Amino acid sequence: MTLNTTPETTSGERIEELQQMAGDHMFMHAAQINDWRGNLKVYVKGDGVWVETLDGQRHLDAMAGLWYKSAGYGRTEIADAVYAQMTAIDSPPAGSSTIPQIELSGKVAELYPDHGARSFFVSGGSEAVETAVKMAKKYSQLNGKGGAFKVVSRRYSYHGGTAMSVSLGRSPAADPMGPEMPGALHVTNWNSYRLPFDGDPVDVAVKCADEMEEVIIHQGPETVAAIIAEPVSAAFGIQIPPAEYWHRLREIADKHKVVLIADEVITGFGRLGEWFGPTNWGIQPDITTVAKAITSGYAPLGAAIATKRIADAFIGGPDETFRHLITFGGHPIASAAALANLRIFEREDLVGNSKRMGTYLFEQLQGLYNRKIVGDVRGGLGLLAAVELVADRDSKTAFPPSAGLAKKLPKMLFDRDIISFRAGDVISICPPLCISKDEIDFIISAIDGALEELENDLGF
Ligand SMILES: Cc1ncc(COP(=O)(O)O)c(C=O)c1O
């Protein structure tokens with residue numbers, strides 16, 4: 001067995017050897033081994049929105065990795081920054097810091113609406129959520145709510161794969177976990193296409209938020225530490241609420257002295273056309289969780305960003321100390337990658353491009369209504385959009401699992417050089433923020449072609 005990592009190696013024999021090794025020894029995350037064994041896609045190069053396989057095929061990554069490759073592929077200046085930090089000092093002695101970690105905390109505060117913000121750096125999104133919830137509980141205890149341990153979240157959200165974060169969303173990732181975290185309370189999630197209640201959409205959105213208050217009052221406000229929600233739920237099919245929803249969440253959190261956590265692991269750093277999503281609605285959460293785009297996936301990093309008001313509660317003596325530790329949280333290498341990544345964001349105005357291209361993408365997606373199976377197109381707030389497919393547009397009837405959308409569509413799109421591996425009832429579109437109009441046109445034309453093939457396949 002040779003362990004050759006040279007990207008240029010492309011011989012058939014070498015490819016077979018790698019497939020065999022992966023098939024025998026690897027888990028892919030959240031995937032059935034039989035579904036990929038023997039035909040695992042292996043990428044060796046990337047440039048902008050494009051990636052190239054071991055055998056030289058080029059594909060446009062319409063999912064930006066797993067919602068994170070915001071600066072795009074092939075940014076060698078991030079590699080240079082990582083190399084420079086790695087060769088200077090890779091990680092500091094315990095209880096000390098490094099220049100990139102400090103500068104990153106300053107840069108995040110500069111970009112965040114509350115410039116007095118303080119960041120707790122971790123290694124990814126789930127850890128950011130764990131940290132934010134723990135911080136909210138401790139903050140509540142320090143502020144006269146000694147017994148506050150409950151957290152209100154929305155059904156069908158996704159907040160991570162670790163034991164506590166998975167309890168907040170009840171997603172399929174909760175599969176073997178058994179009982180949830182004590183105090184995990186769930187309310188109705190916002191769904192603009194299938195309104196959860198009858199009525200005007202804005203009234204319904206406010207009613208969804210009102211449920212949070214009902215639960216808080218029913219449980220006793222003194223027992224509830226936090227509300228957590230994604231500004232736009234990607235897990236629930238790119239659900240964009242009206243502004244009134246987040247205004248109501250803010251109001252409820254203030255009234256009952258509950259910490260409002262915005263889970264921006266997907267939406268943070270420009271995805272919704274602003275550096276931070278709730279800025280679209282003029283809302284300042286108390287804690288924001290970020291990961292993914294903070295480094296564009298060049299290194300693993302996440303953060304719980306606390307406003308100055310929250311963070312200042314932890315300044316004092318031993319009782320006020322936030323006793324939370326993640327060994328590699330905010331690793332200097334990842335912090336250097338984040339700083340270089342955010343320099344690219346600023347230099348190339350990627351957040352502005354997200355807004356402009358997001359509007360263009362949403363306009364172009366409207367043409368897909370020509371396909372009978374397109375029930376809803378969502379987007380228009382930065383570069384996060386979705387096309388929802390239905391068996392019947394009038395009744396909004398979903399396709400039965402037997403239609404096999406989740407197997408057929410990713411392949412139909414892939415045959416048109418588009419990576420959208422999660423496509424099924426909902427095709428999510430989340431490209432790198434550096435995408436151009438021509439590349440958006442390429443995505444639209446591929447989706448249209450795939451939907452035509454699917455309609456023929458299903459006999460429409
Ligand atoms: C909103 C949200 N929160 C948390 C997470 C967990 O992040 P990670 O997979 O980096 O642990 C995710 C992952 O996709 C997410 O979408």
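Modeller: Asp 349 sits in the loop between α11 and α12, the latter spanning residues 350-365. This is a predicted model, so read every value as computed from it. The phi of Asp 349 is positive, about 50°, although the residue is not a glycine. Most residues other than glycine have a negative phi. Is Asp 349 buried, exposed or partly exposed? Its relative accessibility is 35%, so Asp 349 counts as partly exposed.

Ala 30 belongs to the loop between α1 (12-25) and α2 (33-36). Ala 30 has a relative accessible area of 88%, so it is exposed.

Now back to α11. Helix α11 covers residues 332-347 and packs with helix α4, residues 76-88. Their axes lie 8 Å apart, at an angle of about 150°. The cut-off for roughly antiparallel is over 145 degrees, so α4 counts as roughly antiparallel to α11. The crossing of α4 past α11 is right-handed. Which residues make the contact? From α4 come Glu 77, Ile 78, Ala 81, Val 82, Gln 85 and Met 86. From α11 come Pro 332, Ile 333, Ala 336, Ala 337, Ala 340, Asn 341, Ile 344 and Arg 347.

Aromatic rings come next. Phe 345 is part of one aromatic cluster, together with Tyr 112, Phe 269, Trp 275 and Phe 276. The structure as a whole holds 10 aromatic pairs. In one of them, the rings of Tyr 112 and Phe 276 have their centres 5.0 Å apart. Their planes stand at 85°, so this pair is edge-to-face. Tyr 112 lies in the loop between α5 (99-111) and β4 (118-122). Phe 276 lies in the loop between β8 (259-263) and β9 (287-290). These parts are 164 residues apart in sequence, so the pair ties them together. Both Tyr 112 and Phe 276 are buried.

Tyr 156 is in the loop between β5 (150-154) and α7 (163-169). Phe 236 is in the loop between β7 (224-229) and α9 (243-255). The two parts are 80 residues apart in sequence, and the pair ties them together. Tyr 156 counts as exposed, at 51% relative accessibility. Phe 236 counts as partly exposed, at 21%.

Rings also meet charges. The charged end of Lys 69 sits over the ring of Tyr 298, 3.9 Å from the centre. Lys 41 lies over the face of Phe 414, 4.6 Å from the ring centre.

Gly 375 is found in strand β11, residues 374-380. Gly 375 has a relative accessible area of 11%, so it is buried. What does Gly 375 touch, leaving out residues up to four places away in sequence? Its contacts are Tyr 193, Tyr 369, Glu 388, Leu 389, Val 390 and Arg 393. From Gly 375 to Ala 398 the C-alpha to C-alpha distance is 9.2 Å, and the two are 23 residues apart in sequence.

Note on methods: Residues numbered from 1 in each chain as written. Predicted model: local features only at pLDDT ≥ 70, side-chain atom pairs only at ≥ 80, totals over all residues. Heavy atoms only, no water. Phe/Tyr/Trp six-rings, centres within 6.5 Å; stacked < 30°, edge-to-face > 60°. Helix = DSSP H or I, 4+ residues; strand = E, 2+ residues; numbered from the N terminus. Buried < 20%, exposed > 50% of the residue type's maximum accessible area, 1.4 Å probe, protein only. Lys NZ or Arg CZ within 6 Å of the ring centre and 35° of its normal. Axes fitted to C-alpha atoms, helices over the stretch in contact; angles between N-to-C directions. Parallel < 35°, antiparallel > 145°, perpendicular 65-115°, else oblique. Left-handed = near helix turned anticlockwise from the far one by under 90°. Contact = heavy atoms within 4.5 Å.
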